[in-house]
Amino acid sequence: MSVHVPPDDVGAPRAQAGPNPQHLLTTLLGEYLDSSDAGLPSMAVVAMLGEFGISEPSARAALSRLTKRGLIAVRGSGRPPVYHLTPQAIARHRSRMDHFLSFGARPPQWTGDWVTVSFSIPQSGHAQSGQAQSGQAPRHAVRKALGSLGFARLYDSVWIRPGTDSGPVTQALHAILDDVDGGRWSVMHTRFDEEAGPHGPAAAYDLAGLASAYEDFIAQYSDLRTAVRNGQIDATGALVARTSVMDSWRKFPDIDPNLPEHLLPAPWPRQAARELMLEIHSALGSLAEARLIQVVTPYWPDAASWITHFQASENSISAPAGGDG
């Protein structure tokens, strides 16, 4: 499948296998803080990540790295340091939470339009400066850029993406290939004569692998849903469980191309996975918020004024809930 990082996530940590303090901290900040005015003591972050078995050195390293990435900033020069979310990070978090919680809520409006990119790069060539270079480096750069913009490879040098917006990819190809001697590329708006057939666009995607990922998600969290329904999850368990569910779900809007139903194998498990995520996420929101306040208040006395949680509203768009900040 085509895995890509959307443009508004540039600078955010990449998902990795196993515990990732940066990724986890990004999820926590996005879920439970919604104001750049909140001053977040470093020890509060250490305590927050400690709930997930993250050591103090790893927590402080995550803080440092997120600061370098511009997601958080140090406020003042006091010791120990106090951090705050930047306004840009707040805007990104809100946008991303909307995206995560609304993804899959309704079928995409489908027009049959695709943006297609075709390119050719010599095995070796010269930049306009005259310096010799291998064709492998620009080829890798093009593929990376296409993947980050949501394109998938249909054939070796033919990449496709649903929709009509060609501006970003045109700009990216100019930036990469304009200085590559012999580099050629075209951006086209296309339709497929046999859209649903074996020679159509679905061949560019590993839909079987994506379906398997959804089914694994359902298998992983079905017992948790049962426990939630039976009232067996307390506040301590709620924070870890709810964050784990969102941390697992948030990959899907970035790896699922959201193709129209007629291009998907049946039955398609996304809706079942989404309903499971929303049930757990909604049911545990208040408990998770309460636990987070309890954990960080010894280091952040006014935590209850700032900590909130996101939830899905009736129209499937997320909204801050709770808290006073």
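Biologist: Let's start with the second largest cavity; how many nonpolar, polar and charged residues are in its lining?
Modeller: This is a predicted model, and in it the lining of the second largest cavity comprises seven nonpolar residues and one polar residue, with no charged residues.

Biologist: Which residues are they?
Modeller: The second largest cavity is lined by Leu29, Leu33, Ala38, Leu40 and Ile72, together with Tyr83, His84 and Leu85.

Biologist: And which strand gives the most to that lining?
Modeller: That is strand E3, spanning residues 82–85, which gives three residues to the lining of the second largest cavity.

Biologist: What is the volume of the second largest cavity, and how many cavities does a search of the whole structure find?
Modeller: The volume of the second largest cavity comes to about 40 Å³, and searching the whole structure turns up two cavities of 30 Å³ or more.

Biologist: Changing topic to the helices, at what angle do H2 and H3 pack?
Modeller: Helix H2 (residues 42–50) packs with helix H3 (residues 56–68) at an angle of about 120 degrees, and their axes lie 9 Å apart. That angle is why H2 counts as oblique to H3.

Biologist: Which residues make the contact?
Modeller: On the H2 side the contact is made by Ser42, Met43, Val45, Val46 and Leu49, while H3 contributes Glu56, Ala59, Arg60 and Leu63. By class, the residues of this contact between H2 and H3 are six nonpolar, one polar and two charged.

Biologist: Left-handed or right-handed, how does H2 pass H3?
Modeller: The crossing of H2 past H3 is right-handed.

How values were computed: Residues are numbered from 1 along each chain as its sequence is written. This is a predicted model: local features need pLDDT of at least 70, side-chain atom pairs count only at pLDDT 80 or more; totals for chains, interfaces and linings use all residues. Side-chain values use heavy atoms; hydrogens and water are left out. On a 1 Å grid over the protein atoms alone, a cavity is a set of points where a 1.4 Å probe fits but cannot get out, and a pocket is an open set with protein on both sides within 12 Å along at least five of seven lines; lining residues have an atom within 4 Å of a point. Grid points are joined across faces, edges and corners, and a volume is the space filled by probe spheres set on the points. Helices (H or I, at least four residues) and strands (E, at least two) are DSSP runs, numbered from the N terminus. Ala, Val, Leu, Ile, Met, Phe, Trp, Tyr, Cys and Pro count as nonpolar, Asp, Glu, Lys and Arg as charged, and the others, Gly among them, as polar. Axes are lines fitted to C-alpha atoms, for helices over the stretch in contact, and angles run from 0 to 180 degrees between N-to-C directions. Angles under 35 degrees count as roughly parallel, over 145 as roughly antiparallel, 65 to 115 as roughly perpendicular and the rest as oblique. A crossing is left-handed if the near helix is turned anticlockwise from the far one by less than a right angle, and right-handed if clockwise. Contact means heavy atoms within 4.5 Å.
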